[in-house]
Structures are given as C-alpha cells and as structure tokens.
Amino acid sequence: MALFGNAHTVDPMKAQSEYARLLGHGEQVHAAYTLIRDTMLFTDRRLIMIDKQGITGKKVEYHSIPYRSISHFAVETAGHFDLDAELKIWISSNTTPMQKTFTKGVDIYEVQAILTQFVAR
C-alpha cells in the first residue's frame, strides 16, 4: 500500500485520549504514527493498527497484535528515487507480512527502535 505525504508522529498523550476505548485498563500508548488515514499505536502491551477503509473512512478495522506474536520485522529505508520507507511485520502464524509505508515525514529508524524495544522483551 503506497501512501502519499501526510505521514507524521502523533503525541502519545493525544493518541491515549483519542483511542482510549481501544485500550485495556492501565494500558499506555508510548508512540503513535498517522499514515494518511491509518494509524499505528505502540502501547506497552501490543501494536494496534487502525485501518480506515472505504472512500469515507467510516468503516474501520482494528488489528491488535501482541508483541509476543511478532516473529520478525524488517525496515526498508528510503532511497534517492524511492522516497518512501517500509515497515514489514511477520506475525507468527502468517507467512505474508503486514506492510506499512512511511513517507519522509517519519523517521523509520525511530519506528524500528520502538518496535525493537517491545518485541525484544
């Protein structure tokens, strides 16, 4: 899925408030990113991927991925001609990775470091 512009970080406290209904008791958002209409939340317990669908974006799919289910992940940095960076996440029971594309508005190394912090526990 290619994204055009608009990738940016979101203040974790703002994401905590905005997505409070998705969070378990005491669960804390440590980092959040918006990718056009989609959002990724890194909490202390899991990765939540929020996928807005359709033309209006009113239909939303929420993926809850416990960090222990992530078997491995990869980041691909942006190049000279390809300005987008990619994050690929393999879930333990699936051979096809989930993919998210980041524009230059997000530091892919920061995303990778956050994911490493939680997956390597």
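A residue counts as buried when its relative accessible area is under 20%. By that cut-off K100, at 8% relative accessibility, is buried, and D38, with a relative accessible area of 4%, is buried as well. The structure is a predicted model.

**Salt bridges**

Two salt bridges are found in a search of the whole structure.

| Salt bridge | N to O distance |
|---|---|
| E27 and R46 | 2.8 Å |
| D38 and K100 | 3.1 Å |

In the pair formed by E27 and R46, E27 belongs to the loop between α1 (12-18) and β2, whereas R46 is part of strand β4, so the bridge ties together parts that are 19 residues apart in sequence. Both of these residues, E27 and R46, are buried.

The side chains of D38 and K100 form the other pair. Because D38 lies in strand β3 and K100 in strand β8 (residues 98-102), this bridge links parts that are 62 residues apart in sequence.

**Nonpolar cores**

The largest nonpolar core holds 21 residues, of which F42 and F102 touch the most other members. At least two residues of this core come from each of β2 (29-35), β3 (38-43), β4 (46-53), β7 (85-91) and α2 (108-119). The greatest contribution is that of α2, with five residues.

Leaving aside residues up to four places away in sequence, F42 touches Q28, V29, H30, A31, Y33, L47, Y67, V111, I114, L115 and F118.

Notes: Residues numbered from 1 in each chain as written. Predicted model: local features only at pLDDT ≥ 70, side-chain atom pairs only at ≥ 80, totals over all residues. Heavy atoms only, no water. Core = buried A, V, L, I, M, F, W, Y, C linked by side-chain atoms within 4.5 Å. Buried < 20%, exposed > 50% of the residue type's maximum accessible area, 1.4 Å probe, protein only. Helix = DSSP H or I, 4+ residues; strand = E, 2+ residues; numbered from the N terminus. Contact = heavy atoms within 4.5 Å. Salt bridge = Lys/Arg side-chain N within 4 Å of Asp/Glu carboxyl O.
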